[in-house]
Amino acid sequence: MSATRPDHFCYMPWSALAVLPDGRITTCCVAFGFRHELGDLHLGDNLEKVWRGEKLKAIRKQFLNGEWPQGCVGCKARYERNLASQREHYTQLLKDYALLDSVNTSDEAPPIFHLDLSFSNICNLACRTCSSTFSNKWSLVEQHLNTLGLVLGSQPSGQEGGRGGAGRALPENSFSKLITHPSLFADLRSLTIKGGEPLLSKDLEPFLNMLVTRGYASKINLNITTNGTIAPNQRLLGLLSEFASVRITVSVDGTGKLFEYIRVGKNFPLETVESTIRLFQELDKARLIIYPTIQAYNIFNLEELYEWSQKMRVPITYRHILNSPNYLSIRVLPEHLRAVAQKKLSSFMERLKGSATLAAEINDLMAAFNQRPEPDQYRNFLQFTNALDHYYQVKLEDLVPEFKDLRPPFADKE
């Protein structure tokens with residue numbers, strides 16, 4: 001990085017775009033809030049229009065002037081707390097693919113190296129940490145919470161003032177409207193596809209086929225984030241084999257019944273994920289990784305997750321610590337539960353001496369408990385958990401004994 005650039009400089013505005021499940025086009029997947037997006041499919045925008053548009057030019061100018069764009073509040077907050085952010089992860093991605101020196105910050109329409117795509121919010125699960133922005137299944141959950149009068153804060157969807165966004169979700173087969181000029185992807189080197197659940201999207205295979213037939217796929221490092229409950233068909237596996245590399249990020253947050261509790265998919269037990277993983281493992285160039293979201297529900301289950309990943313012969317990472325909704329983060333735990341979690345994590349870390357990376361990630365988790373407890377958010381955690389437990393007729397303490405006697409009983413609202 002040039003000495004004339006500020007420490008918080010971000011390369012994304014010159015080399016990357018993101019499309020969110022609700023049709024908004026942003027600089028990256030963590031850009032915050034409405035009014036800060038670069039474009040919107042619902043308003044007739046497309047990727048080329050956004051890439052050459054005045055909004056993105058203004059953001060580039062702000063970074064060059066050492067300013068923080070309004071939509072980058074998440075990275076700014078993490079920068080000020082000396083924590084790693086999406087900006088740093090992306091800079092490392094450019095370095096990994098030897099692209100950092102190729103980013104032209106003086107060009108008004110430089111080549112796009114990275115694309116982060118969500119085709120829609122179509123999903124088969126209603127994970128407790130999710131929202132209707134990322135899962136259409138969440139609309140019924142929101143209706144239930146609304147009848148109880150529970151408004152507990154925002155989600156990482158960028159929606160301001162609530163968890164929802166289903167009304168803005170992209171309809172199936174609409175994504176092609178974004179791609180009016182496929183040549184825009186000629187220089188693409190990194191492609192991340194998310195959802196919803198991307199393997200349920202009718203747009204996935206046509207889009208990948210376009211990249212293959214145009215000869216772009218052989219230069220693209222592809223990453224698909226999936227919940228692992230939908231098996232890939234042979235057509236999809238054939239398309240994936242055409243890419244330079246394929247990484248399958250499998251979101252698994254717990255083992256056994258805790259998996260079903262968090263993911264809320266009784267028809268999709270963990271054994272379904274195991275079958276999907278084995279199909280992807282048949283693809284020679286596929287590299288899989290288990291990617292749990294570390295939260296209050298699974299903080300006592302991390303060693304069991306590690307053992308399961310070992311059984312599946314798939315590496316695991318613990319670097320994704322849930323920040324939002326904050327009432328489900330590990331920060332809500334009271335002192336007693338923090339002490340229990342730290343003791344268990346300390347023992348687990350001793351076991352991981354042979355893996356410096358995993359041991360360091362567990363150490364970072366333990367350090368997160370140094371932050372002051374949030375009793376108000378713990379009360380929100382109890383309200384939310386009791387409400388959904390009552391709705392699904394399950395009990396958290398039956399699956400996570402550490403919570404036994406620490407939750408008041410749910411009372412039906414009159």
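Predicted model: local features only at pLDDT ≥ 70, side-chain atom pairs only at ≥ 80, totals over all residues.
The overall picture comes first. The protein chain contains 14 helices and eight strands. Of its 414 residues, 55% are buried.

Two helix pairs show how the helices meet. In one of them, helix 11 (residues 335-351) and helix 12 (residues 356-368) have axes that come within 10 Å and cross at roughly 165°. Angles over 145 degrees count as roughly antiparallel, and helix 11 and helix 12 are therefore roughly antiparallel to each other. The crossing of helix 11 past helix 12 is left-handed. On the side of helix 11, the contact is formed by Gln 342, Leu 345, Ser 346, Phe 348 and Met 349, and helix 12 contributes Ala 359, Ile 362, Asn 363, Leu 365 and Met 366. Sorted by class, seven residues in this contact of helix 11 with helix 12 are nonpolar and three are polar, with no charged residues.

The other pair brings together helix 5 (residues 138-147) and helix 13, whose axes come within 11 Å and cross at roughly 115°. This angle makes helix 5 roughly perpendicular to helix 13. Here the crossing of helix 5 past helix 13 is right-handed. Helix 5 supplies Trp 138, Leu 140, Val 141, His 144 and Leu 145, which meet Phe 384, Ala 387, Leu 388, Tyr 391 and Tyr 392 of helix 13. The contact of helix 5 with helix 13 has nine nonpolar residues, one polar residue and no charged residues.

Helix 13 (375-392) also takes part in the surroundings of helix 8, whose buried residues pack against helix 9 (270-281), helix 13 and helix 14 (396-399). Helix 8 (residues 256-263) is largely enclosed by the rest of the structure, because six of its eight residues are buried. The buried residues of helix 8 are Leu 258, Phe 259, Glu 260, Tyr 261, Ile 262 and Arg 263. Val 264, which follows helix 8, has a positive phi near 50°. Tyr 261 also belongs to an aromatic cluster, together with Tyr 297, Phe 300, Tyr 378, Phe 381 and Phe 403.

Trp 68 has a relative accessible area of 19% and is buried, while Tyr 79, at 33% relative accessibility, counts as partly exposed.

Thr 105 is found in the loop between helix 4 (86-96) and strand 4 (114-118). Burial means a relative accessible area under 20%, and Thr 105, with a value of 15%, is therefore buried. Leaving aside residues up to four places away in sequence, Thr 105 touches Arg 5, Phe 9, Trp 14 and Leu 64.

Note on methods
Residues numbered from 1 in each chain as written. Heavy atoms only, no water. Axes fitted to C-alpha atoms, helices over the stretch in contact; angles between N-to-C directions. Helix = DSSP H or I, 4+ residues; strand = E, 2+ residues; numbered from the N terminus. Parallel < 35°, antiparallel > 145°, perpendicular 65-115°, else oblique. Left-handed = near helix turned anticlockwise from the far one by under 90°. Contact = heavy atoms within 4.5 Å. Nonpolar A, V, L, I, M, F, W, Y, C, P; charged D, E, K, R; others polar. Buried < 20%, exposed > 50% of the residue type's maximum accessible area, 1.4 Å probe, protein only. Phe/Tyr/Trp six-rings, centres within 6.5 Å; stacked < 30°, edge-to-face > 60°.
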